[in-house]
Amino acid sequence: MPHITAFIQRVVDARDPDIASHQSRLRSYAEGFAKHLSLNRDDTYTLAYGAEIHDIGKLSISESILHKPSRLTHAEYLLIQQHTRLGAELIQPLSLDDQIVAIVLHHHENFDGSGYPARLSGEKIPLLARIVRIIDSYDAITEDRPYHKGAQPADAIAMMHSDAHWYDPDLLREFTAFISIT
């Protein structure tokens, strides 16, 4: 699969270098956090691969919406939400591991059931997607975006804890420990 990853990364980088760098950072976070969690080699690989391509569906979203410097309209937000389904559809012909498809499809599910696309809750959300939900949020909060300045790591963790209902509590606690030692 490394050749597929390289291909996807090149396509994403050609279309949107910001998404490409985000996906690269997520792969790095995933590898480190997997080690912290003592995940086995196969799960670590699957998590890292899924984290790296989790936002591939954003290739199907207009750049004017992805890089909009102001608040999205309700319709634009609904369109952005489609990137999870679009991503899963894009990678479907590749016959990837089901866990990778689950990461792409469910990385915006919230632990309390308020996420998308399926409004899954708790442990109904696949484990690796719950992990990507956390590292994706952390990266989004700490990096500069068109609509906000990136927060410091400690502030990002505090923000995530204020929205703790979105995250698996055990994984959020472990991620907080992981970030404090990195």
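Start with the protein chain as a whole: of its 182 residues, 47% count as buried. The model is predicted, so keep that in mind as you move through the stops below.

**Stop 1: the whole chain**

Show the chain as a cartoon. Its secondary structure comes to ten helices and zero strands, and the pattern along the sequence reads α-α-α-α-α-α-α-α-α-α. The C-alpha atoms fill a box of roughly 35 × 35 × 30 Å along the principal axes. Does the radius of gyration agree or disagree with that of a compact globule? It agrees, because a compact globule of 182 residues would have a radius near 16 Å and this chain has 15 Å.

Among contacts between residues at least 6 apart in sequence, 62% join residues at least 24 apart. Then switch to a surface view. The accessible surface comes to about 9,300 Å², and 55% of that belongs to carbon and sulfur atoms.

**Stop 2: leucine 47**

Select leucine 47, which lies in helix α3, residues 41–53. Is leucine 47 buried or exposed? Its relative accessibility is 0%, so leucine 47 counts as buried. Now select what surrounds it. Leaving aside neighbours within four places in sequence, leucine 47 is in contact with Ala30, Ala34, Leu39, Ile103, Leu128, Ile131 and Val132.

For a distance check, pick the C-alpha atoms of leucine 47 and arginine 85. These two residues are 38 apart in sequence, and their C-alpha atoms are 18 Å apart in space.

**Stop 3: salt bridges**

How many salt bridges does a search of the whole structure find? The search finds ten. Select these examples one by one.

- Arginine 130 and aspartate 168: their side chains meet in a salt bridge, 2.5 Å from N to O. The pair links distant parts of the chain, with arginine 130 in helix α8 (residues 127–142) and aspartate 168 in the loop between α9 (153–162) and α10 (169–181), 38 residues apart. Both arginine 130 and aspartate 168 are buried.
- Lysine 68 and glutamate 76: this salt bridge has an N to O distance of 2.6 Å. Lysine 68 and glutamate 76 are both buried.
- Lysine 58 and aspartate 55: the closest N and O atoms of this salt bridge are 3.5 Å apart. Lysine 58 is buried, as is aspartate 55.

**Stop 4: the loop between α7 and α8**

Select tyrosine 116 and proline 117 and look at the backbone between them. Is the peptide bond from tyrosine 116 to proline 117 cis or trans? The bond is cis, with omega near 15°. Proline 117 is found in the loop between α7 (98–106) and α8.

Arginine 119 lies in the loop between α7 and α8 as well. Arginine 119 is not a glycine, yet its phi is positive, about 55°. With a relative accessible area of 57%, arginine 119 is exposed.

**Stop 5: serine 95**

Finish by selecting serine 95, in the loop between α6 (83–91) and α7. Serine 95 has a positive phi of about 55°, although it is not a glycine. Why does serine 95 count as exposed? Its relative accessibility is 64%, and the cut-off for exposed is over 50%.

Note on methods
Residues numbered from 1 in each chain as written. Predicted model: local features only at pLDDT ≥ 70, side-chain atom pairs only at ≥ 80, totals over all residues. Heavy atoms only, no water. Salt bridge = Lys/Arg side-chain N within 4 Å of Asp/Glu carboxyl O. Buried < 20%, exposed > 50% of the residue type's maximum accessible area, 1.4 Å probe, protein only. Helix = DSSP H or I, 4+ residues; strand = E, 2+ residues; numbered from the N terminus. Contact = heavy atoms within 4.5 Å. Rg over C-alpha atoms; globule rule 2.2 N^0.38 Å. Areas by Shrake-Rupley, 256 points an atom, 1.4 Å probe, with all protein chains shown as cover.
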